[in-house]
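Notebook open, model loaded. I want to go from the overall fold down to single residues and jot down what I find.

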Amino acid sequence: MKHLIGAAGVGGAILLGFVLGLWVGDHNRKEPSSPDPAVVVDSVMAGFVAPVAPLDTTVAEAAQDTLPKVPEIAESTKKERAAGIEYLTTHNRWNRDEMEKIPSLQGLWDAVNHYDLETIRKYAEVMECPPLTAIVEGLEQSQKTGYYASKNDRNITLSTYIRRLQQ
């Protein structure tokens, strides 16, 4: 009997979460919403829970603002892009920490390490840099997946990376 009551409680909680998620999604889109969420919860959950007050989404929005943002490479300045191109063309060993300090290169090391062709292609379109062009061409032919560098390795040796793509 305890298990049955517990299962009903868990099922009710899941259903309540689903209904609240739908309501919050409607509320965030600023579209006219259908019935009052408290009424929907009452009708769906009759006998399981009491009416629920509207959810305060400001806390969730504030928490979302603290997440690290991936910079838009197209929004980088010419000076930032020039610094990025200089780094990429003058270094055979790309260090993740050094690249993350250059605004136009933030996220590129991870994309290269994960063989993420689409992301690398976006950087190559904006920066027009021979090493990036070579990587894009190599990835288009190799279909590599996984990781290039091990978890604790923060360096990618460009010449070895391109050679590996050609194998």
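**Overall fold.** I read the pattern along the sequence first: α-α-α-α-β-α-α-α-α-β-α. That comes to 9 helices and 2 strands. For my own record, helices (H or I, at least four residues) and strands (E, at least two) are DSSP runs, numbered from the N terminus.

**Ground rules.** This is a predicted model, where local features need pLDDT of at least 70 and side-chain atom pairs count only at pLDDT 80 or more, while totals for chains, interfaces and linings use all residues. Residues are numbered from 1 along each chain as its sequence is written, and side-chain values use heavy atoms, with hydrogens and water left out.

**Totals.** I looked up burial next: of the 167 residues, 29% count as buried. Buried means under 20% relative accessible area, exposed means over 50%, and partly exposed is in between (1.4 Å probe, protein chains only). The accessible surface is about 11200 Å², and 57% of it belongs to carbon and sulfur atoms. Those areas come from the Shrake-Rupley method with a 1.4 Å probe, and for residues only the protein chains shown count as cover. Then contacts (heavy atoms within 4.5 Å): among those with a separation of 6 or more, 53% join residues 24 or more positions apart.

**Core.** Which residues touch the most other members of the largest nonpolar core? I get Leu88, Trp94, Leu108, Ile120, Leu132, Ile135 and Tyr161, out of 28 residues in that core. H4, H6, H7, H8 and H9 each supply at least two residues of it, and the largest share, 5 residues, comes from H7. My definition of a nonpolar core: a set of buried Ala, Val, Leu, Ile, Met, Phe, Trp, Tyr and Cys residues joined through side-chain atoms within 4.5 Å.

The arc is that of the directions from the helix axis to the C-beta atoms. I remind myself that an α-helix has 3.6 residues a turn, so residues three or four places apart point the same way.

**H8.** H8 has 13 residues and reaches 18 Å from its first C-alpha to its last, close to the 18 Å expected at 1.5 Å a residue. The expected span is 1.5 Å times one less than the number of residues. Buried in H8 are Pro131, Leu132, Ile135, Val136, Gly138 and Leu139. Viewed down the axis of H8, they fall within an arc of 170°, so they line one face of the helix. Pro130 and Gln141 are exposed on the other side of H8. The buried residues of H8 pack against H4, strand S1 (93–95), H6, H7 and H9.

Most residues other than glycine have a negative phi, so I checked for exceptions. Tyr115, in the loop between H6 and H7, has a positive phi of about 55°. Glu128, in the loop between H7 and H8, has a phi near 45°. Buried or exposed, for Tyr115? Tyr115 is buried, with a relative accessible area of 8%, whereas Glu128 is exposed at 65%. Just after H8, Gln143 takes a positive phi of about 60°.

**Two more residues.** Asn113 lies in H6 and is buried, with a relative accessible area of 5%. Leaving aside neighbours within four places in sequence, Asn113 is in contact with Gly146, Tyr147, Tyr148, Ala149 and Ile156. Gln166, in H9 (residues 158–166), is exposed at 63% relative accessible area. The C-alpha atoms of Gln166 and Gln141 are separated by 7.9 Å, with the two residues 25 apart along the chain.
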